Amino acid sequence: MIDRRGFISAAGIGLVGNSLKMPERPAATATPNKDPAYGPWIEVDSEALRTNVARVYELAGRRPILAVVKNNAYGLGLQETASILEPMPEIGGFAVVKPEAAADLRTWGLEKPVLLMGLADDDASVELARKGVELSLYLDDSVARAKHVFEATGSKVAGQIYLDTGMGRMGIESHRALPWLADLSSSGLVDVRGTFMAFTENPDFDQEQLLRFKSFADQAKAAGAALGRLHAASSNGVYHLPEAHLDMVRPGIALFGAYPSRPDEERAKQALTSAVRLCARVVRVQRLRIGDGVSYGRNYVAEQPTWTATLPVGHTDGYPRGAVEGAQALIGEQLYPIIGAVSASHCIVEVGDEPLVAVGDKAVLLGSDRPEIEPNNIAEASSSSVYDILMHLNPQLPRVVV
Ligand SMILES: *Cc1c(COP(=O)(O)O)cnc(C)c1O
């Protein structure tokens, strides 16, 4: 984990008050008490994360939360995020898709149940089983796969039945899952801890999927199979399908403070706070004359003299190219529009008639500080998806827990 101090020293800049010699700073940046690193960096707001967990827990009728922390915890940083979530009593465990992420959680010492919703090969399955990770069971050769793990570890394989009720993506199709489960159960090789499905999030079809899930569960139980805990609801289901809350819920994005489907309606039902903040410091301020343009394509040309500021954040950091269509960045107390083009490592804001910002000023491009820069609103303003906005945040950016 990179803490603030590590981040600053990693940037090769000494801290005020330590024994390192401070580099000479030009007058324009000489604002006292400022973090001298220009970034970009990502702040993980631990308070917001905990608040969102409490709110999701209430929405879900106080059922345990299996926290989906796939894709680097939706951009927040897997280790940082899981460490904050682990001690919370509302959190029943973690779910990830990539085997490496499941192994990492254990390597970092996290102890709550971990479900792998993706597929691990035989070797990785053995390693994960040894670490107590629950594997998804859905393939036709599940018995053979379980046998391999059983023989290597000497113990029953902890796993969960992944049922495909119409998503057509992962899982064993519900219409042929009963005989499959009978074979798996009678093999005596697996310890079924749960059974789960994913909704298509098509409001008309979700109900049909839930019926298929419940019908499978009823028949399997009647046939004597153990199914463990039943779960189906992602963030969308937590908000909109109370009948699908079942034994536990399985949200991702809502925990991180973004609304899954219909932000206005969802905010009214239970408000969330963005737990992620994308930050950087101004690296250049310029005055444009009439006719001066900024960035690739010369998409922006000044019609009157104006000030602009350059931020060292671009699409390689995960900031969307579409931000020029209407997104804003917060510098100090003021929001400024993104103009011209978002390039790999830079974007530019229009400041206006007065040079109100200076090199070194902190900018927030994504965060809870103003409604306009909340992830859902940045997604909308840049014709993007809020899932893309969060999950495309570059994993190499320093994460700072605040
Ligand atoms: C990503 C994912 C979730 C969480 O979805 P959100 O919309 O982020 O809440 C739940 N279940 C499965 C199978 C997923 O892939």
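A pocket, in the sense used here, is an open set of grid points at which a 1.4 Å probe fits, with protein on both sides within 12 Å along at least five of seven lines. In this predicted model, the largest pocket is the space taken by the ligand, and the description therefore begins at that site, since a molecule is assigned to a pocket if more than half of its atoms lie within 2 Å of the grid points.

The ligand is surrounded by 13 residues. Lys 70, Tyr 74, Ser 235, Gly 252 and Tyr 387 are the closest of these. By residue class, the shell comprises 7 nonpolar, 3 polar and 3 charged members.

Arg 250 is placed against a nitrogen atom of the ligand, with a polar side-chain atom at a distance of 2.9 Å. Taken on its own, the ligand has 380 Å² of accessible area, and the protein covers 92% of that area.

Attention may now turn to the strands. Strand E15, residues 328–331, pairs with strand E16, residues 334–339, in the antiparallel sense over 4 bridges. Within this pairing, Ala 329 has Tyr 336 of E16 as its bridge partner. The hairpin of E15 and E16 has 2 residues between the strands, and Gly 332 in this hairpin takes a positive phi near 65°. E16 also pairs with strand E17, residues 347–352, again in the antiparallel sense, over 2 bridges. Here the bridge partner of Ile 339 is Ile 348 in E17.

Two features of the backbone in loops complete the account. Gly 39 and Pro 40 are joined by a cis peptide bond, with omega about 5°. Pro 40 belongs to the loop between helix H1 (4–10) and strand E1 (41–44). Leu 246, a residue other than glycine, has a positive phi, near 50°. The loop that contains Leu 246 runs between helix H10 (235–240) and helix H11 (263–269).

Note on methods
Residues are numbered from 1 along each chain as its sequence is written. This is a predicted model: local features need pLDDT of at least 70, side-chain atom pairs count only at pLDDT 80 or more; totals for chains, interfaces and linings use all residues. Side-chain values use heavy atoms; hydrogens and water are left out. A residue is near a molecule or strand if one of its heavy atoms lies within 4 Å of it. A polar contact is a pair of N or O atoms within 3.5 Å; within protein, one must be able to donate a hydrogen and the other to accept it, and residues adjacent in sequence count only if both atoms are side-chain atoms. Accessible areas come from the Shrake-Rupley method with a 1.4 Å probe; for residues, only the protein chains shown count as cover. On a 1 Å grid over the protein atoms alone, a cavity is a set of points where a 1.4 Å probe fits but cannot get out, and a pocket is an open set with protein on both sides within 12 Å along at least five of seven lines; lining residues have an atom within 4 Å of a point. Ala, Val, Leu, Ile, Met, Phe, Trp, Tyr, Cys and Pro count as nonpolar, Asp, Glu, Lys and Arg as charged, and the others, Gly among them, as polar. Two strands pair if DSSP finds at least two bridges between them.
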